Amino acid sequence: MVEGPTAKAIAIKISQKFEGETVKDIIVKSKRVFIEPKELLNKKFNGSDTLGKNIILFFEDNAIRVHLMMFGSIHVYEMGEPLLKPLERARLLVEGVRKKLVVYNAPVVEIDRREKILDRLMSTLGPDPLTEGWSREKAAENIIRFEREKIGTILLDQSVIAGIGNILRNEILFRAKVHPERRVESLSVEEVKEIVLACERLCRKFLELKVKGKGIKEILYVYNRYRGKCRICGENIKFYMQKPVNRKTFVCENCQK
Ligand SMILES: [Zn+2]
């Protein structure tokens, strides 16, 4: 799953690679096409950005939203450069003057007015630690509202904090020293603050590494460390599937209370 920082790093790369292009042709295979794709013809590419795990490509007053989920990918090719996979398998092709942008396997490709795409995302997503609209207070408020739920499961809810996926939530809770099974109502104000702060720090750290093309494995304390020992206290890291989200969960029960 592409988490917020990975999506952002991809958006930064696409902004650079497709910069200066104007749409000369567009082919889209999607049910979420709310304006005539032809309307994008001759429009300039104004860069790409993210909200949560969504990548948005801007073309003047129009935009394309892409969600890569597990298997989607975006590529920018020089004209004439051989494609990675046959074009028939592409869900989106935007042909510019010198380059083409191709999206494969993404479950969501949506074309609409720029404002409509942004409004829909803003109304459904919580604050995103990687955008200017980030607010620690709002993030904490959103967490506290789910008092009966487990902190480990609500961190995956994109309406609480946008962009957090399974790797991040495991690492965030380790850094905040909070057990994923804790009910939100049992958390102290300090613990909620620590969780929110860890979200912010880790998202930014992940992004920094991804932009440099570096892996994140070095800074993982619990995620995917089956039968590993805690780097802080030396205890065994416990692995289980957390209910009801059924996601891989790693915890040091000595460090996380
Ligand atoms: Zn530990």
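**Close-up 1. Helices α1 and α6 sit oblique to each other.** The model is a predicted one, where local features need pLDDT of at least 70, side-chain atom pairs count only at pLDDT 80 or more, and totals for chains, interfaces and linings use all residues. Residues are numbered from 1 along each chain as its sequence is written, and side-chain values use heavy atoms, with hydrogens and water left out. Helix α1 covers residues 4-17 and helix α6 residues 189-211; they pack at an angle of about 40°, with axes 8 Å apart. Helices here are DSSP runs of H or I with at least four residues, strands are runs of E with at least two, and both are numbered from the N terminus. Axes are lines fitted to C-alpha atoms, for helices over the stretch in contact, and angles run from 0 to 180 degrees between N-to-C directions. As for the wording, under 35 degrees is roughly parallel, over 145 roughly antiparallel, 65 to 115 roughly perpendicular, and the rest oblique. On the α1 side you'll find P5, T6, K8, A9 and I12, meeting C203, F206, L207, K210 and V211 of α6 (contact means heavy atoms within 4.5 Å). That contact splits into seven nonpolar residues, one polar and two charged. Here Ala, Val, Leu, Ile, Met, Phe, Trp, Tyr, Cys and Pro count as nonpolar, Asp, Glu, Lys and Arg as charged, and the others, Gly among them, as polar.

**Close-up 2. Helix α5 also packs on α6.** Helix α5 (residues 166-175) meets α6 at an angle of about 130°, with the axes 9 Å apart, so this pair is oblique too. From α5 come I167, L168, E171, I172, L173 and R175, while α6 brings I195, A198, C199, L202, C203 and F206. Sorted by class, the α5 contact with α6 has ten nonpolar residues, no polar ones and two charged.

**Close-up 3. Helix α3 has a buried face.** In α3 (residues 136-144), the buried residues are A139, A140, N142 and I143; buried is under 20% relative accessible area, exposed over 50%, and partly exposed in between, using a 1.4 Å probe and protein chains only. Looking down the α3 axis, these residues fall within an arc of 160°, so they line one face of the helix. The arc is that of the directions from the helix axis to the C-beta atoms. Their cover includes α4 (151-154) and α6.

**Close-up 4. M79 sits in the loop between β5 (73-78) and β6 (90-95).** M79 is partly exposed, at 33% relative accessible area. Beyond its neighbours within four places in sequence, M79 touches E95, G96, V97, R98, K99 and K100. M79 and E95 are 16 residues apart in sequence, and 8.7 Å apart in space, C-alpha to C-alpha.
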